[in-house]
Amino acid sequence: MNDKMKKMATGILASVMAVSLAACGSENANTPSNSNASGSGNSGSGSGEKVTIELAISKSSQDSAFIAQDLLDEFEQKHNIKVNLQLLPAEQTATVLQTKLAVDETPDIIQYNLASAVTDLNLERNFEILDNEPWVARLLNKDVLSAEGHVYSFHVSQDTGMQGVVYNKDIFKELGLEIPNNFEEFLAVCEKIKASGITPVFMPFKDAWAANIWPAAAFADYAAKNEPALFDDINANRKKWADIPEFATFLQQQYDVYKKGYTNADILSDSYDMAVGKFLNKEVAMMFMGDWLIENVSEKDPNMHLGLFAIPSAEGASLGASPLGGQLFVPKKAKHLAEAKKFLEFIATKEIAQKIVDNQGYVSNFNDVNTPELPEYKQEIVDQYITPKKTVLTTDAYMLVDRSELYRLLQDEFAGGLDPQGVLKAWDEKFNQLMKDKGVAGF
Amino acid sequence: MKISKKLYSYYLIWPALIIYSVFFVFPALTGLYYSFTDWRLDRETIKFIGWDNFERIFTDKTLLLAIKNTCIFAVVTVLGKNILGIALAVGLNMRLKSKNILRAIFYSPSILSVLVISIVFTPMLRSEGTINKLLDTVGLHSLSQAWLTDPSIVIWTVAAVSIWQHTGFQMAIYLAGLQSISKEYYEAATIDGAGSWKSFTAITLPLLLPAININLMLTLIGGLKVFSEVFVLTGGGPGNASQVVGTIILRSFGEGSWGLGTAVNTLLFAAVTIIAIPLLIFMRRKEVSE
C-alpha cells in the first residue's frame with residue numbers, strides 16, 4: 001500500500017513537471033506571432049466605455065511631470081481614459097520591466113531612459129515606432145527621442161542634461177581663476193585651489209559610475225573632432241577601444257588629478273550622495289559630474305553659485321551631453337495601444353506641453369511651445385555651449401551593451417589594479433563578449 | 001506497527017509535497033535546464049548550448065577570482081565563527097555574574113540588518129576611519145590599512161565583519177550544546193586529575209560534536225552562498241576585487257546574460273551540495289553518544 005502510494009506520487013509529480021516544462025517551451029516559440037496579433041488587434045478599440053491604461057514608472061521618478069495627478073485627471077475627464085500608475089522599486093526597475101515584457105504582463109506606457117532602453121529592454125523588439133504620430137512633425141530635435149533612425153520615445157523637453165566639470169563660481173572669483181581651456185590650465189587651477197586650503201576636485205569613486213564622467217565626455221569629444229566614425233567602427237568590431245592611444249591619455253589625465261593630490265584622500269570610500277554636502281560646506285571646488293548636481297545643490301541652498309564647464313581633456317573641448325532621460329515609451333504588446341498613444345498626443349498638445357515646460361524649466365522640444373526663462377547656470381550653458389554648438393553626445397549614447405563592467409574597471413584603475421591601457425584592454429575583452437552574446441554583426 | 005501507520009494517513013503528505021514541488025523542485029529543475037541554454041535579454045528564442053556557459057565560467061578571470069574569493073570567505077568565516085563561537089560559549093557557560101548580559105551583548109549583532117552593519121562599518125573602515133585612528137593611537141600605525149579599498153585585503157575585511165556579526169549566533173547554539181553535557185563527567189575527570197584543557201578536549205569537544213556539526217554546516221553553506229555582506233560593504237569592488245559567486249550572479253543578470261547567471265547559480269548549488277553532504281556524513285560518524 002505504502003509503496004504503491006509512493007510510486008503514484010512520484011509518477012504524478014513527474015508528469016506534472018513534464019507538462020509544465022513542455023508548456024514553457026511552446027510559449028517561447030509562440031511569442032513573435034503573439035505580439036503581432038495583439039498589435040493589430042487592439043488598435044481598433046475606441047468604443048464608449050471607460051478604459052484604464054497602465055503606466056509603469058520607477059519610484060525614483062515619481063516627481064515626473066507626466067504623472068502629475070491633475071494632468072491625469074484632466075486626461076481622464078477629456079478622453080474617458082483612466083491612467084493607473086505602477087510605481088516600481090528604483091533599484092529593480094530594469095529587472096521588473098524586463099520580466100513584465102518577457103511574460104506578457106506589459107504595461108501600456110513605460111517611463112524609462114532611451115539609452116538604457118536600448119541596452120536593458122531590447123528597444124527594437126519590445127517598443128512601438130512612433131514616427132507617424134501627429135506630434136512628431138512639431139519636434140525641434142528628433143534625435144533625442146530616436147534610436148536606429150526611428151522615433152521610439154516621447155518627451156516635451158530636449159534638454160538632455162550636460163556633463164562636465166561642476167565648479168563653485170564664488171571660489172573661482174575669490175581666487176581670481178579663469179575657466180581652464182586645456183589639461184595644463186586645469187592642473188594650474190587645481191594647484192591654486194589646493195594652495196588656498198580647499199580640495200580642488202571631489203571624486204566619489206566608491207560609486208564606480210562617477211569615474212566614467214571624465215572619459216565619457218573626453219572620448220566623445222576626441223571622436224567627434226578626429227574620427228567621426230569611430231564609435232560605428234567600434235560597434236562593428238573594426239576598431240578596438242585599446243587601439244586609440246588618446247583614450248589611454250584621457251584615463252591617465254583623470255588618474256593624474258588624483259595622484260597629484262588634488263582630490264579627496266579616500267576616493268574609493270566616498271560616495272556620490274556626499275557630493276551635495278561637500279559643495280554646500282565649500283569643502284570642494286569642482287567635480288566631474290552632470291548639471292543635475294547643480295540643481296540638487298541649489299534646491300538645498302539657492303545662494304550657491306555653481307556652474308559647468310567642459311571636461312578639459314583637450315584644447316577647447318566640447319561639453320558632454322547625456323542622452324536624454326525620462327521619456328515615455330509604448331510597448332508593442334500594450335493591451336490598449338491606441339489609448340496609450342492618445343495619452344502622448346494629449347501631453348503633446350500646445351497648452352499641456354507649455355504648462356509642463358513652464359513648470360519644469362525645460363528647453364522646449366516643440367516648435368509651437370516656448371522655452372521659459374531658465375535658471376542662471378542653465379542659461380549660461382545654453383549661451384556658451386548649446387547655441388554655439390559646442391556640445392557632444394557622451395560615449396554612453398553609443399554603447400549597445402551594459403556598461404557597468406567598464407565602470408568597475410575604471411574604479412580598479414584607482415585601486416591600483418590596472419593602468420589606463422590595461423583598463424581599455426580588459427574592457428575590449430568584456431565588450432567583445434557582451435557584443436557577441438547580443439549577436440551584433442562582426443563579433 | 002500497522003496501527004501506528006494508520007494513525008495518520010499517507011495522504012497528509014500531499015499538500016506539503018505539492019507546495020515543495022511547485023515552489024522548489026520545479027524551479028530548480030527549470031534552472032538546471034536554463035543553465036545549458038543561451039537564454040538572454042535580447043534573444044527571442046532560447047537555444048540549447050551544452051556546456052558553453054560552464055566553460056566560460058572556468059575561463060573568465062573575474063569569475064575565477066569570484067570563486068577564489070568565495071572559498072577564502074567560506075574558510076575564514078567557518079573557522080572564525082566556530083572557534084570564537086566555542087570560546088565564547090565555554091567562557092559564558094562559567095559561573096559569571098554578568099553572564100546573561102554578556103550573552104545578550106555577544107548575540108545582539110546577529111539580529112541587526114546587514115544594511116545597518118554596513119552603515120556602521122563603512123565609515124569605521126575608511127583609511128582615516130576609527131579603526132585606523134585607534135591603531136595609530138596605540139602606536140600600531142604600521143598595521144593601519146585601506147580596509148575596504150585595497151584589493152588585496154578587501155575580502156578578508158568583509159569576512160571579519162561577517163565573523164563579528166554572526167559569532168554570537170553560533171555561540172548560542174554551542175551554549176545549548178554545552179548545557180546538555182552532564183556536570184558529572186567533569187567531576188569525574190577532576191577527581192582523575194584532568195586539567196581544564198584536558199577536560200575540554202576529552203569531554204567538551206566530543207560531546208559538543210552534534211552542535212559543531214550543525215554550526216559547521218550552517219556557516220559553510222552560509223559562507224559559500226555569501227552575497228549581502230559583500231554587496232552592502234563593497235558592491236564587489238574596488239573594481240572586481242571582492243566579487244563572490246553571489247555578486248557575480250547578480251552581475252550576470254544585470255548584463256542580460258540570464259543563461260550564464262543561471263549556470264553560475266547551478267554551479268553554486270552543486271558545489272554546496274558536493275561539499276556539504278560528504279562533510280555531514282563524515283561528521284555524523286564521529287558523533288558519540290553520552
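Predicted model: local features only at pLDDT ≥ 70, side-chain atom pairs only at ≥ 80, totals over all residues.

How many helices and strands does chain B have? The secondary structure comes to 13 helices and 0 strands, so if you read off the elements from the N terminus, you just get α over and over. As for extent, the C-alpha trace of chain B spans about 75 × 75 × 30 Å along its principal axes.

One helix pair in there is worth a look. For helix 4 and helix 12 of chain B, the axes come within 8 Å and cross at roughly 150°. On the helix 4 side, the contact is made by T62(B), L63(B), A66(B), I67(B) and T70(B), while helix 12 of chain B brings V245(B), I248(B) and R251(B). Sort those by class and you have 5 nonpolar, 2 polar and 1 charged.

Okay, on to the interface. Chain B and chain A bury about 3300 Å² between them, and 54% of that is on carbon and sulfur atoms. Which three residues of chain B supply more of its buried area than any other three? They are Y10(B), L41(B) and E44(B), with 17% of the area that chain B buries against chain A. In residue terms, the contact takes 38 from chain B and 38 from chain A.

Now the polar side of the interface. Between the two chains there are 9 residue pairs in polar contact, counting pairs with both residues at pLDDT 80 or more. Salt bridges across the interface of chain B and chain A number 5. For an example, look at D270(A) and R126(B), whose side chains meet in a salt bridge at 2.5 Å, N to O.

Where on chain B does the touching side come from? Helix 2 (13–34), helix 4 (61–92), helix 11 (228–233) and helix 12 (245–254) of chain B each supply at least two residues. Helix 2 of chain B gives the largest share, 8 residues. Overall, the side of chain B that touches chain A divides into 15 nonpolar, 12 polar and 11 charged residues.

Let's switch to chain A, where there's an open sheet of 4 strands, in the order 2-1-3-11 with mixed pairing. Why is one side of strand 2 (81–88) and of strand 11 (327–329) of chain A left without a neighbour in the sheet? Because these two stand at the edges, each with a single partner strand. The twist averages 25° from one strand to the next.

Strand 3 (residues 109–112) and strand 11 of chain A run antiparallel, joined by 3 bridges. In one of the pairings, I110(A) has F329(A) in strand 11 of chain A as its bridge partner. Then there are helices on the sheet: helix 2 (residues 69–79) of chain A packs there, touching strand 1 (51–58) and strand 2, at about 150° to the direction of strand 2 of chain A. Helix 3 (residues 93–102) of chain A lies across strand 1, strand 2 and strand 3, at about 125° to strand 2 of chain A.

E227(A) sits in the loop between helix 8 (213–226) and helix 9 (230–235) of chain A, whereas K239(A) is in the loop between helix 9 and helix 10 (245–259) of chain A, 12 residues apart.

Key:
Residues numbered from 1 in each chain as written. Chains lettered and ligands numbered in written order. Heavy atoms only, no water. Contact = heavy atoms within 4.5 Å. Buried area = accessible area lost by both parts, 1.4 Å probe. Salt bridge = Lys/Arg side-chain N within 4 Å of Asp/Glu carboxyl O. Polar contact = N/O pair within 3.5 Å; in protein donor to acceptor, adjacent residues only side chain to side chain. Nonpolar A, V, L, I, M, F, W, Y, C, P; charged D, E, K, R; others polar. Pairing = 2+ DSSP bridges. Axes fitted to C-alpha atoms, helices over the stretch in contact; angles between N-to-C directions.
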